[in-house]
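This report describes how two parts of one chain are placed and where they meet. Please look at the sequence and the structure first.

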Amino acid sequence: MKTFAAQIISSDGMFYFGRLKDLIIPAVDGEMGVLPGHEEMIIALNEGIIRYQDSKEEWHKAAIGPGVIQFANNRCTIVVDSAERPEDIDVNRALAAKQRAEDKLQQKLSEREYKLLQASLARALTRLKLLNQDRQ
Ligand code: ATP
């Protein structure tokens, strides 16, 4: 069975370390699959949902913040701002973050404030989307 070495590092530390059969990532230009033997690359990741299949063929999902993925020599390293499994997501916190960002986006803002709030809203929506998918 073909696999590749993978590590997902977030600001909180090592989120995942092991071997994967398949990986689907939210690349900036759309969802992208990564399989064993993938060509070398370094690309930016958007916030979004990452899906990965471990060597026991089990699929897992996580909400990630923006980051970067490197693939070289059948080894994948993902570095992201944040990463959470569905069971680690605090729904009330995500709902509060969404509401806060939406409220502030109604106000007059600098370009920087606007971008920060858009990013905060995107993180909250990603977390809520993962929780919704997990319930289905
Ligand atoms: P908030 O506005 O609620 O603080 P945020 O999007 O600003 O959210 P981040 O800066 O992305 O938060 O993450 C800070 C830390 O908090 C990270 O460890 C992240 O995994 C965690 N975190 C953020 N929101 C949640 C949530 N709803 N449930 C669980 N962990 C969360």
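The C-alpha centres of domain 1 and domain 2 are 23 Å apart. Domain 1 covers residues 4-84 and domain 2 covers residues 90-135; such bounds come from an automatic or database domain assignment. The model is a predicted one, in which local features need pLDDT of at least 70 and side-chain atom pairs count only at pLDDT 80 or more, while totals for chains, interfaces and linings use all residues. Residues are numbered from 1 along each chain as its sequence is written, and side-chain values use heavy atoms, with hydrogens and water left out.

**Where the domains meet**

Nine residues of domain 1 are in contact with seven residues of domain 2, contact meaning heavy atoms within 4.5 Å. Between them the two domains bury about 690 Å², and 66% of this is on carbon and sulfur atoms. Buried area is the accessible area (1.4 Å probe) that two parts lose on being put together, summed over both. On the side of domain 1, the residues that lose the most area to domain 2 are Glu 47, Ile 49 and Lys 61, which together account for 57% of what that side buries.

One salt bridge is counted between the domains. A salt bridge is a side-chain nitrogen of Lys or Arg within 4 Å of a carboxyl oxygen of Asp or Glu. The side chains of Glu 84 and Arg 127 form a salt bridge, at 2.7 Å from N to O.

Strand S5 (48-54) and strand S6 (59-64) are the elements that give two or more residues to the side of domain 1 that touches domain 2. S6 gives the most, with four residues. Helices (H or I, at least four residues) and strands (E, at least two) are DSSP runs, numbered from the N terminus.

**Two residues and their surroundings**

| Residue | Element | Relative accessibility |
|---|---|---|
| Gln 53 | strand S5 | 12% |
| Arg 135 | helix H2 (residues 111-135) | 63% |

Gln 53 counts as buried because its relative accessibility is 12%, and Arg 135 counts as exposed because its value is 63%. Buried means under 20% relative accessible area, exposed over 50%, and partly exposed in between (1.4 Å probe, protein chains only). Apart from neighbours within four places in sequence, Gln 53 is in contact with Leu 20, Lys 21, Asp 22, Glu 58 and Trp 59. Arg 135 lies 78 residues from Glu 57 in sequence and 21 Å from Glu 57 in space, C-alpha to C-alpha.
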